[in-house]
Amino acid sequence: MLLKAIIVFLFIAVLISLSSALVFLMKDVGNSRKRTLYALGVRVVLAIALVGTIAWGIYSGRLSSQAPWDRQLHPERVAPQSSP
């Protein structure tokens, strides 16, 4: 559960960083380049951390897909159904 909370936190942080870069781009008329590039750099670092966290979660087995089409690709992951 902690892993999912970290993923949600990183995703929200990426959105906040992206929106702050947009605000800096629109409001700073004179010297917008420095703050905008800094905010976008922070977004790139957060996005890399987000992708790394998701990849680690899948690799460690803490995150898994329960999509219906995934059952067809990996039938060994589906629990056998008991017949009545």
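Q: Why is arginine 33 called exposed in this predicted model?
A: The relative accessibility of arginine 33 is 64%, and the term exposed is kept for values over 50%, so arginine 33 counts as exposed. Arginine 33 has its place in helix 2, and its C-alpha atom is separated by 9.9 Å from that of alanine 21, which lies 12 residues apart from it along the chain.

Q: Why does threonine 36 count as buried?
A: Buried means under 20% relative accessible area, and threonine 36, at 10% relative accessibility, therefore counts as buried. This threonine 36 is found in helix 2, and, when residues up to four places away in sequence are not counted, threonine 36 touches Ala21, Phe24 and Leu25.

Q: What makes threonine 53 a buried residue?
A: Threonine 53 has a relative accessibility of 16%, and because the limit for the term is under 20%, threonine 53 counts as buried. Threonine 53 is likewise found in helix 2, and, leaving aside neighbours within four places in sequence, threonine 53 is in contact with Leu3, Ile6, Ile7 and Leu10.

Q: Why is valine 8 called partly exposed?
A: The relative accessible area of valine 8 is 47%, whereas buried requires under 20% and exposed requires over 50%, so valine 8 falls in between and is partly exposed. Valine 8 is found in helix 1; between valine 8 and leucine 50, which are 42 residues apart in sequence, the distance from C-alpha to C-alpha is 8.9 Å.

Q: What makes Val8, Phe11, Ile12, Leu15 and Ile16 a nonpolar patch on the surface?
A: A patch of this kind is made of residues with over 30% relative accessible area and no salt bridge, whose nonpolar side chains are joined within 5 Å. Val8, Phe11, Ile12, Leu15 and Ile16 form such a patch, and together they have about 470 Å² of accessible area.

Q: What makes up the largest nonpolar core?
A: Eight residues make up this core, namely Leu3, Ile7, Leu10, Ala13, Val14, Leu46, Leu50 and Leu63. The elements that give two or more residues to the core are helix 1 and helix 2 (32-60), and the largest share, five residues, comes from helix 1. In soluble globular proteins, nonpolar side chains tend to be buried together.

Q: Which residues of helix 1 are buried?
A: In helix 1, the buried residues are Leu3, Ile7, Leu10, Ala13, Val14, Ser17 and Ala21.

Q: How do you know that the span of helix 1 is close to the expected one?
A: Helix 1 has 26 residues and reaches 37 Å from its first C-alpha to its last, which is close to the 38 Å expected at 1.5 Å a residue.

Q: What pattern does the chain follow along the sequence?
A: The pattern is α-α-α, and the chain has three helices and zero strands. Of the 84 residues in the chain, 21% are buried. The accessible surface of the chain comes to about 7100 Å², and 68% of it belongs to carbon and sulfur atoms. Among contacts between residues at least 6 apart in sequence, 59% join residues at least 24 apart.

Definitions and conventions. Residues numbered from 1 in each chain as written. Predicted model: local features only at pLDDT ≥ 70, side-chain atom pairs only at ≥ 80, totals over all residues. Heavy atoms only, no water. Patch = residues over 30% accessible without salt bridge, like charges linked within 9 Å, V, L, I, M, F, W, Y side chains within 5 Å. Areas by Shrake-Rupley, 256 points an atom, 1.4 Å probe, with all protein chains shown as cover. Salt bridge = Lys/Arg side-chain N within 4 Å of Asp/Glu carboxyl O. Helix = DSSP H or I, 4+ residues; strand = E, 2+ residues; numbered from the N terminus. Expected span 1.5 Å × (residues − 1). Buried < 20%, exposed > 50% of the residue type's maximum accessible area, 1.4 Å probe, protein only. Core = buried A, V, L, I, M, F, W, Y, C linked by side-chain atoms within 4.5 Å. Contact = heavy atoms within 4.5 Å.
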